[in-house]
Amino acid sequence: MLTFIIRRVLIGLGILLVSSFLLYLLVDLVMDPLEDLVTSTDPNKEFQIAERTALLELDKPAVQRYFEWLGGVVTGDLGTAWRTNRPVSELLQGAIISTIQLVSAATVLSIVLGVAVGIVSALRQYSGFDYLITFVSFLLFSLPSFWVAVLLKQWGAIGFNDFLADPWIAWGVIIGLGLIAGFLWQLAIGGVLRRRLINAAIGAAATIGALAFLQLSGWWEQPNIGPVILAVTSVVIAFAVTALSTGLKNRRALYTALTCAALGVALWYPVRFYLFYYLTDYMNWGIVALLGLLAAAVGIGIGVLFRGPDWKQSARTGGIVAFLVAGLIFIDQVMSVWGPYYNSNAINGRPIPTIGDRTPNLGGNWWVGVLDSYTHLLLPTLALMLISFAGYTRYSRGSMLEVMNQDYIRTARAKGLTERTVVVRHGFRNSLIPLATIVPLDVITLIGGAIITERIFGRPGMGQLFLQSLATDDIEPVMAYLLIVAFLAIVANIVADLIYAVLDPRIRVNA
């Protein structure tokens with residue numbers, strides 16, 4: 001493993017060196033920092049041209065300037081943007097954080113939803129649900145990201161902000177949404193006609209009941225999770241995680257999951273109104289991560305206490321459920337500051353923004369800042385996620401179909417294993433092997449696609465910095481962006497190879 005990593009790193013560094021050299025020459029070829037002075041009518045034009053030529057060392061060959069730039073990069077100096085006279089590393093600090101927030105959220109959501117929907121579509125091959133998902137996937141895949149972003153700004157921001165001014169959904173619309181949800185549920189679950197009708201009725205009733213509860217409780221004016229929604233959602237999470245992790249027949253795992261859900265509901269009040277209250281002045285993402293790990297550790301401990309013949313399964317299930325329930329409590333705490341946020345002068349009753357990554361002069365504590373970041377992330381993340389979701393759905397569907405037709409799947413069924421075990425343990429894991437190549441590289445593609453999204457939503461990320469520097473013929477910020485993307489692409493390839501070895505024991509990385 002160590003030999004493989006060292007060899008790949010050395011090869012990656014060589015590729016990075018060659019690619020950065022070629023990119024520098026190409027960027028230098030298309031840029032003309034003297035263009036504005038050449039067309040100027042200023043009587044001191046010649047002096048200004050000579051001064052800028054000396055400043056940017058344009059009298060030196062491009063190859064020499066590249067190696068001088070490379071020497072600075074090796075020592076940690078990415079250069080200085082000559083237009084603003086600010087170090088490139090300083091410009092990148094906030095830009096990288098903004099881009100990573102956007103790309104990370106879009107990647108995680110698109111992978112989770114896309115893979116889940118794609119696998120269900122594969123298991124329901126040639127059904128109505130499969131045809132529907134295929135149509136939606138191809139539709140989303142063909143849509144240009146800038147067009148999706150503009151529609152989201154119109155309907156997801158402007159339209160939704162207008163709705164919040166008088167938040168009321170007609171009962172006919174609620175009933176219609178419930179019927180649509182019931183129809184989709186019976187398509188996804190499938191079965192004989194009687195089972196389809198039962199699932200459709202349950203799905204429709206659950207959707208209508210949830211929307212009615214939100215409407216009658218005034219949820220739109222003060223969105224929150226609260227103990228009722230937390231209890232229902234935690235129980236659903238407990239059953240869902242147990243079904244996927246061990247199967248509902250594993251009673252110890254199910255009891256572990258339900259205990260973690262009950263403990264989360266019981267701790268909702270003390271955690272929110274005591275722990276978070278006293279920690280508000282000291283809150284940061286490090287403390288949030290520590291609390292999340294603590295919750296997972298408690299869940300694992302509950303699983304160990306239930307013991308059983310395979311206590312590791314119970315511990316795994318408890319850790320996942322406890323972590324997810326703790327996440328719900330954290331989200332509820334963030335949503336608790338919606339009132340002050342919505343009524344602040346900086347927001348002015350328009351909480352879903354269309355530009356930027358934070359609201360100027362907002363004020364408030366750490367929780368208000370987190371809520372503000374979330375609202376600014378909502379639309380650009382959704383724009384990137386919809387495009388990636390379509391790709392992951394198609395990839396996971398095709399991979400799952402190929403795996404489910406293998407001989408070892410038929411052998412597993414012939415041994416009498418349950419369908420859940422065949423699908424989750426034998427089919428799902430092997431279907432992830434092709435995705436191990438796609439996911440790391442898609443992250444790099446998302447960073448490239450984020451240029452357009454950041455431009456439309458006005459997020460001050462790396463894409464915006466790249467476009468602004470390219471427009472002003474500022475080569476060093478442009479090269480810093482290209483260098484980071486190339487570096488991430490090389491790392492993504494190495495990570496993909498390592499993921500291969502984790503998912504498929506037949507693959508060896510020491511050869």
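**Helix by helix**

Modeller: Fine; keep in mind that this is a predicted model. Helix α6 covers residues 128-142, and at 1.5 Å a residue its 15 residues should span 21 Å. The end C-alpha atoms of α6 are 21 Å apart, which agrees.

Colleague: Which residues of α6 are buried?

Modeller: F129, D130, I133, T134, S137 and L140. They cover an arc of only 140° around the axis, so they sit on the same side of α6.

Colleague: What covers the buried residues of α6?

Modeller: The cover includes α5 (88-123), α8 (171-189) and α16 (366-404).

Colleague: Take S137. What does it touch, leaving out residues up to four places away in sequence?

Modeller: S137 touches A390, T393 and R394. S137 lies in α6 and has a relative accessible area of 1%; the cut-off for buried is under 20%, so S137 counts as buried.

Colleague: Different spot. Is A489 buried, exposed or partly exposed?

Modeller: Partly exposed, because its relative accessible area is 22%, and buried would need a value under 20%. A489 is in helix α20, residues 475-503.

Colleague: How many residues apart along the chain are A489 and F47, and what separates their C-alpha atoms?

Modeller: They are 442 residues apart along the chain, and 43 Å separates the C-alpha atoms.

Colleague: Now α11 and α12. At what angle do they pack?

Modeller: About 40°, with the axes 4 Å apart. Helix α11 is residues 251-266 and helix α12 is residues 268-279. Angles under 35 degrees would count as roughly parallel and 65 to 115 as roughly perpendicular, so this pair is oblique.

Colleague: Which residues meet there?

Modeller: G264, V265 and A266 in α11 meet W268, Y269 and P270 in α12. By class, that contact has five nonpolar residues, one polar and no charged ones.

Colleague: Last topic, the whole chain. How many helices and strands are there?

Modeller: The protein chain has 20 helices and two strands. Its C-alpha trace spans about 85 × 65 × 45 Å along the principal axes.

Colleague: What share of the chain is buried?

Modeller: Buried residues make up 41% of the 511 residues. Of the contacts with a separation of 6 or more, 73% come from residues 24 or more positions apart.

Definitions and conventions: Residues numbered from 1 in each chain as written. Predicted model: local features only at pLDDT ≥ 70, side-chain atom pairs only at ≥ 80, totals over all residues. Heavy atoms only, no water. Axes fitted to C-alpha atoms, helices over the stretch in contact; angles between N-to-C directions. Parallel < 35°, antiparallel > 145°, perpendicular 65-115°, else oblique. Contact = heavy atoms within 4.5 Å. Nonpolar A, V, L, I, M, F, W, Y, C, P; charged D, E, K, R; others polar. Expected span 1.5 Å × (residues − 1). Buried < 20%, exposed > 50% of the residue type's maximum accessible area, 1.4 Å probe, protein only. Arc of directions from axis to C-beta.
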